[in-house]
Amino acid sequence: AQGLSGFTFFNCAASVTGVVGITTGGLLRPGGDGTNTPVNAFGRLAVSGNLSLDALGTAMFDFGSSPAGENDRVDIGGDLAIGGNLVLNPMATLDTSTPYRVFNYAGALSGAFTGISVPGTRYGATVDTSVGGQVNVLFSGGPSNLVWAGGSGLWDVGLTYNWNALADAFMQVDSVRFDDTSSLQTVLLAESVRPGRITVDNTLEYFFGGAGRISGYGDLVKT
């Protein structure tokens, strides 16, 4: 077996021959990590043999707007033993009516994830293994519509209440709007943010800066 402490593929058709084990502290991530080129790329990984995920490892997947479109996935030619943490990252507004596939497997399935999270978002998720040969995830909840109010000027994730008359904080894939109602037109990006949509409807000039960046696959609308 190949024991892997970290495993990342960027937007490519990749394959591993034999048996793979993601051991303690290991990371299985078929897609990009948001810091490399291409940024936030989706990936497909093929494992010809068995795949086992250690109880202290992590499997991380990125998702687009459609289950039938581009998303991370792992195809396994043998058995799949799941365990550890399953971390799910929306890159756009998700479809909550249809499951997203994360694993296909040809052999037997065993185990269960010890934790499932959709960090920095308003989504929840459940795992469905009822269909043989598949592990799917179904999302619930959804993003909010936010209007930039200004406040401290920071755009971060879940920390600073600079939206909707200073009553709300941004969460990943929320839809955001910048218009002339804000008291401050300077926006400082404190980290990487992934809005589901950006609408700019302004006559006042906005300035965007800071150490972070805008990423993901959301729409940009200028009115």
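# A first look at an all-strand chain

Leu154 sits in strand S18, and that's a handy place to start. With 34% relative accessibility, Leu154 falls in the partly exposed class. What you have here is a predicted model, and its chain holds 25 strands and zero helices.

**The chain as a whole**

- The chain has 223 residues, and 46% of them are buried.
- Take the contacts between residues at least 6 apart in sequence: 61% of these link residues at least 24 apart.

**The cores**

- The largest nonpolar core is made of 26 residues. Phe61, Phe63, Val74, Phe103 and Phe139 have the most contacts inside this core.
- Several strands each put at least two residues into this core, among them S6 (44-47), S8 (58-63), S11 (85-90) and S16 (134-141). Strand S12 (100-105) also belongs to that group, and S12 gives the most, with four residues.
- What does Phe63 touch, once its neighbours within four places in sequence are set aside? Its contacts include Phe42, Leu88, Met91, Leu94, Tyr100, Val102, Val137 and Phe139. Asn71 and Asn89 are on the list as well.
- There's also a second, separate core, with 14 residues. Val157, Phe178, Val193 and Tyr206 are among its members.

**The sheet with S18, S20 and S23**

- Three strands make up an open sheet in the order S18-S20-S23, and the pairing is parallel.
- S20 covers residues 186-189, and three bridges tie S20 to S23 in a parallel run. Within this part of the sheet, Thr186 faces Phe207 of S23.
- Phe207 turns up again at the surface: together with Leu154 and Leu188, Phe207 forms a nonpolar patch with about 250 Å² of accessible area.
- Next along in S23 (residues 207-209) is Phe208. Phe208 counts as partly exposed, at 35% relative accessibility.
- Beyond its neighbours within four places in sequence, Phe208 is in contact with Trp155, Phe178 and Val187. Phe178 is also one of the residues in the second core.
- Phe208 and Gly153 are 55 residues apart along the chain, yet their C-alpha atoms are 9.8 Å from each other.

- Strands of a sheet pair through backbone hydrogen bonds, in either a parallel or an antiparallel way.
- Is S19 mostly covered or mostly open? Mostly covered, with four of its five residues buried.
- One partner of S19 is strand S17 (residues 145-147), joined in the parallel sense over three bridges. Leu146 faces Val176 of S19 here.
- Strand S22 (residues 197-201) also pairs with S19 in the parallel sense, this time over five bridges. Ser175 stands across from Arg197 of S22.

**The loop from S18 to S19**

- Asn162 lies in the loop between strand S18 (154-155) and strand S19 (175-179).
- Is Asn162 buried or exposed? Its relative accessibility is 3%, and buried means under 20%, so Asn162 is buried.
- Who surrounds Asn162? Leaving out neighbours within four places in sequence, Asn162 is in contact with Val147, Trp148, Ala149, Gly150, Gly151, Ser152, Gly153, Leu154 and Asp168. That brings us back to Leu154 of S18.
- Asn164 is found in the loop between S18 and S19 too. Asn164 isn't a glycine, but has a positive phi of about 50°. At 28% relative accessibility, Asn164 is partly exposed.
- Leu166, in the loop between S18 and S19, has a positive phi of about 65° despite not being a glycine. Leu166 is partly exposed as well, at 45% relative accessibility.

Methods: Residues are numbered from 1 along each chain as its sequence is written. This is a predicted model: local features need pLDDT of at least 70, side-chain atom pairs count only at pLDDT 80 or more; totals for chains, interfaces and linings use all residues. Side-chain values use heavy atoms; hydrogens and water are left out. Buried means under 20% relative accessible area, exposed over 50%, partly exposed in between (1.4 Å probe, protein chains only). Contact means heavy atoms within 4.5 Å. A nonpolar core is a set of buried Ala, Val, Leu, Ile, Met, Phe, Trp, Tyr and Cys residues joined through side-chain atoms within 4.5 Å. Patches are made of residues with over 30% relative accessible area and no salt bridge: like charges are joined within 9 Å, nonpolar side chains (Val, Leu, Ile, Met, Phe, Trp, Tyr) within 5 Å. Accessible areas come from the Shrake-Rupley method with a 1.4 Å probe; for residues, only the protein chains shown count as cover. A salt bridge is a side-chain nitrogen of Lys or Arg within 4 Å of a carboxyl oxygen of Asp or Glu. Two strands pair if DSSP finds at least two bridges between them.
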